[in-house]
Structures are given as structure tokens and as C-alpha cells.
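This briefing goes through the fold, the pocket and the backbone details of one protein model. Please keep the sequence and the coordinates at hand while reading.

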Amino acid sequence: MTQAALKSDTQDIVVQEVFPHAPETIWKALITGELIGRWLLMAPTGFEPVKGKHFTFQTTPGGAWDGIIHCQVLEVIPNERLAYAWKGGHEGNVGYGSRLDTVVTWTLSKVANGTRVRVVHSGFVLPKNDTAFKKMSEGWKKVVRNLDAIAAEQDSSKPLH
């Protein structure tokens, strides 16, 4: 467990859905740069599913923050779990673009009718990260729905046996 997760003044965003796709199909969408850009609506720069790998996302800058989200792959268990640090913002910002030091963890679990997808974005310090927490709570719900749509495309592109 991360230090951020142990602090009592932090909040986590948890989104969980079951999708009618194999874990391998969802995994491909989680680790393929071009596909990540489509479901997250931000393409990663330098992403590889390799523990320790640093990569970035670019979003809308705000105040003293340049809009760059600095990430590092923390854990990779193919078709099961992907975790990465998600850091951004600036100490001088209040509201949008305040300093953020969080972790995103994707967990895939095979179930009878497909795969349970659970994303936990942990470590939001409240009240400092209120704006990010509120915006991203809604945002991750949309992202998970987008992931389902991208996985469905990957399923339909497979040849039928």
C-alpha cells in the first residue's frame, strides 16, 4: 500500500464495471498507447507497460501548472493489474491544477460474463485536491465507458472461428 493510501485525509475514486470482453482484450486497450489516447482522451508520451517506466500525459494547463501529468509504472501483471503514479499540478495553484500526487490502479478479474474492470485513483488530499477529485470522479466514469467501447472494437476486429 502506498503512503498516500495510508493517510486518513485522502480520498480515492473507485469505478467498477463488468464488461463482456476477455481480460486480454481489455488489457490490450490499457497498454497500447494509441488505444489509451482514445479512451482516456489524452495520448501518453513514452508509455510502455514496464515497471519503472516514466511517461507523461498532457492536459489543459492552469495557473502556474503546465498541464503535464508525470507518471511512472509501478506494477504490471499482464491481463490482471496495472498501476502507475499520477503526479501533476503546482504548489502555487488553488483549485484546478493544484499539486496532485496520486496512484491509478487498474484491476481486471475474469467473471462468468466477461471481465470486472476496477480502477482506483487514490491519494487525493482534501480539501487541497477538491477540484481534481470532483472533476476526475465524473471523468473516470466516462473513461471506463470509453474503455468498454474501445475493447468492443478490438473484439469485433478479431476473425470469427
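Predicted model: local features only at pLDDT ≥ 70, side-chain atom pairs only at ≥ 80, totals over all residues.

- Strand 2 and strand 3 run antiparallel and are joined by five bridges; threonine 56 has histidine 70 in strand 3 as its bridge partner, while phenylalanine 57 stands opposite isoleucine 69 in strand 3.
- Strand 3 and strand 4 are paired through seven bridges, again in the antiparallel sense, and in this pairing valine 73 stands opposite tyrosine 84 of strand 4.

**Helix 3 and its surroundings**

- Helix 3 covers residues 33-40, and its buried residues are Leu35, Ile36, Gly37, Trp39 and Leu40.
- These buried residues pack against parts of both kinds, namely helix 2 (23-31) and helix 4 (130-156) on the helical side, and strand 2 (54-58), strand 4 (81-88) and strand 5 (100-111) among the strands.

**The largest pocket**

- The largest pocket has a volume of about 510 Å³, and of the 24 residues that line the largest pocket, Met42, Thr59, Ile69, Trp86 and Met136 are the closest to its centre.
- Helix 3, strand 4 and helix 4 each supply at least two residues of the lining, and the largest share, eight residues, comes from helix 4.
- Sorted by class, the lining of the largest pocket holds 13 nonpolar, nine polar and two charged residues.
- Ile69, named among the residues closest to the pocket centre, is also the residue that phenylalanine 57 stands opposite in strand 3.

**Backbone details**

- Most residues other than glycine have a negative phi, and most peptide bonds are trans; the following points can be read against that background.
- Leucine 41, which follows helix 3 and lies in the loop between helix 3 and strand 2, has a positive phi near 65° although leucine 41 is a residue other than glycine.
- Leucine 41 counts as exposed because its relative accessibility is 65%, and the cut-off for exposed is over 50%.
- Asparagine 79 is found in the loop between strand 3 (68-77) and strand 4; in the hairpin of these strands, which has three residues between them, asparagine 79 takes a positive phi near 65°.
- Asparagine 79 has a relative accessibility of 24% and therefore counts as partly exposed, since buried would require a value under 20%.
- The peptide bond from leucine 126 to proline 127 is cis, with omega near 10°, and proline 127 lies in the loop between strand 6 (114-125) and helix 4.

Key: Residues numbered from 1 in each chain as written. Heavy atoms only, no water. Buried < 20%, exposed > 50% of the residue type's maximum accessible area, 1.4 Å probe, protein only. Helix = DSSP H or I, 4+ residues; strand = E, 2+ residues; numbered from the N terminus. Contact = heavy atoms within 4.5 Å. 1 Å grid on protein atoms, 1.4 Å probe; cavity = no way out; pocket = protein on both sides within 12 Å on 5 of 7 lines; lining within 4 Å. Points joined across faces, edges and corners; volume = space filled by probe spheres on them. Nonpolar A, V, L, I, M, F, W, Y, C, P; charged D, E, K, R; others polar. Pairing = 2+ DSSP bridges.
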